[in-house]
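Welcome! Take a moment to look at the protein shown here, and then we will walk through it step by step.

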Amino acid sequence: MRRRFAEGTLAREHRPPARADDRHELDDRGLADLARVSTSTLIHRLLEPQHVAIRANLTDLRALADRLAARDRSPVLRRAANMLDELHEVMSEQFEHEERAVFPCLEAGAAPIHVLGDLHDRHDDVADRLGRLALLTEELPAATADPDVAALRAGFRTLAALAGGHHALERDALLTRFS
């Protein structure tokens, strides 16, 4: 699955640059004003780049957690590595589904209820997994001098913020157009 997914990502990265007025529109307006931005612009200039950032963050976190778990043989770190592996798989499937099925439907102006319901369920699943990962983060040694453990804790927080912001943008700026 990773190879097919990586090829799809690479193809999307060669998209022509945003028009200057699109960039200006997105840089100077808050969420409330995103209603004025086209669905296509919202998808290609905000949501898809967030997918790339979240994928990169997850990949880095997985490598760090695997390295720490192998080095320290800690059950908490092994559980973190396993949870990150599962989260990576779930989010990769979600992003692929959005990019190949959901976004094209929405760009065409169609929003079948089963598509929106499925997206909502997937978001709930990711939010639940992120919540469990946050709880696990609390089990990591807080007062450690180990910079790798500190980086893992910070990475968990960054991932939660990226994913939460992404889901809020999809819900509040994209999906509300079709409800």
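## A first look

Of the 179 residues in the protein, 40% are buried; here buried means under 20% relative accessible area, exposed means over 50%, and partly exposed lies in between, using a 1.4 Å probe and protein chains only. This is a predicted model, in which local features need pLDDT of at least 70 and side-chain atom pairs count only at pLDDT 80 or more, while totals for chains, interfaces and linings use all residues. Residues are numbered from 1 along each chain as its sequence is written, and side-chain values use heavy atoms, with hydrogens and water left out.

What does the secondary structure come to? The protein has 6 helices and 0 strands, and from the N terminus on the elements run α-α-α-α-α-α. Helices (H or I, at least four residues) and strands (E, at least two) are DSSP runs, numbered from the N terminus. Contact means heavy atoms within 4.5 Å. Among contacts between residues at least 6 apart in sequence, 79% join residues at least 24 apart.

Two packed helices are described by the angle between their axes and the distance between the axes. The axes are lines fitted to C-alpha atoms, for helices over the stretch in contact, and the angles run from 0 to 180 degrees between N-to-C directions. Angles under 35 degrees count as roughly parallel, over 145 as roughly antiparallel, 65 to 115 as roughly perpendicular and the rest as oblique.

Let's start with α3 and α4. Their axes are 9 Å apart and they pack at an angle of about 165°, so α3 and α4 are roughly antiparallel to each other. The crossing of α3 and α4 is left-handed, a term used if the near helix is turned anticlockwise from the far one by less than a right angle; it is right-handed if clockwise. The contact of α3 with α4 has 16 nonpolar, 6 polar and 11 charged residues. In this sorting, Ala, Val, Leu, Ile, Met, Phe, Trp, Tyr, Cys and Pro count as nonpolar, Asp, Glu, Lys and Arg as charged, and the others, Gly among them, as polar.

Next comes helix α5 (residues 113–137), which packs with α4 at an angle of about 160°, the axes being 10 Å apart. That angle makes α4 roughly antiparallel to α5. α4 passes α5 in a left-handed crossing, and the residues of this contact divide into 16 nonpolar, 3 polar and 9 charged. E93 has its place in helix α4 and is partly exposed, with a relative accessible area of 35%. The C-alpha atoms of E93 and R122 are separated by 9.6 Å, with the two residues 29 apart along the chain.

## Helix α4 beside α6

Helix α4 (residues 75–107) and helix α6 (residues 147–174) have axes that come within 13 Å and cross at roughly 20°. α4 and α6 are therefore roughly parallel to each other, and their crossing is left-handed. Which residues of α4 and α6 make the contact? On the α4 side they include L77, L84, M91 and F95, and on the α6 side they include L152, F156, H166 and L174. By class, the residues of this contact divide into 13 nonpolar, 3 polar and 2 charged.

## Charged pairs

Side chains of opposite charge can pair when their charged atoms come close. A salt bridge is a side-chain nitrogen of Lys or Arg within 4 Å of a carboxyl oxygen of Asp or Glu. How many salt bridges does the structure hold? It holds 11 salt bridges. One of them joins R55 and E99, whose closest N and O atoms are 3.0 Å apart. This pair links distant parts of the chain, with R55 in helix α3 (residues 39–72) and E99 in helix α4, 44 residues apart.

D148 forms a salt bridge with R71, the closest N and O atoms being 3.4 Å apart. D148 lies in helix α6 and R71 in helix α3, so the pair ties together parts that are 77 residues apart in sequence. D148 counts as partly exposed at 23% relative accessibility, and R71 counts as partly exposed at 44%.
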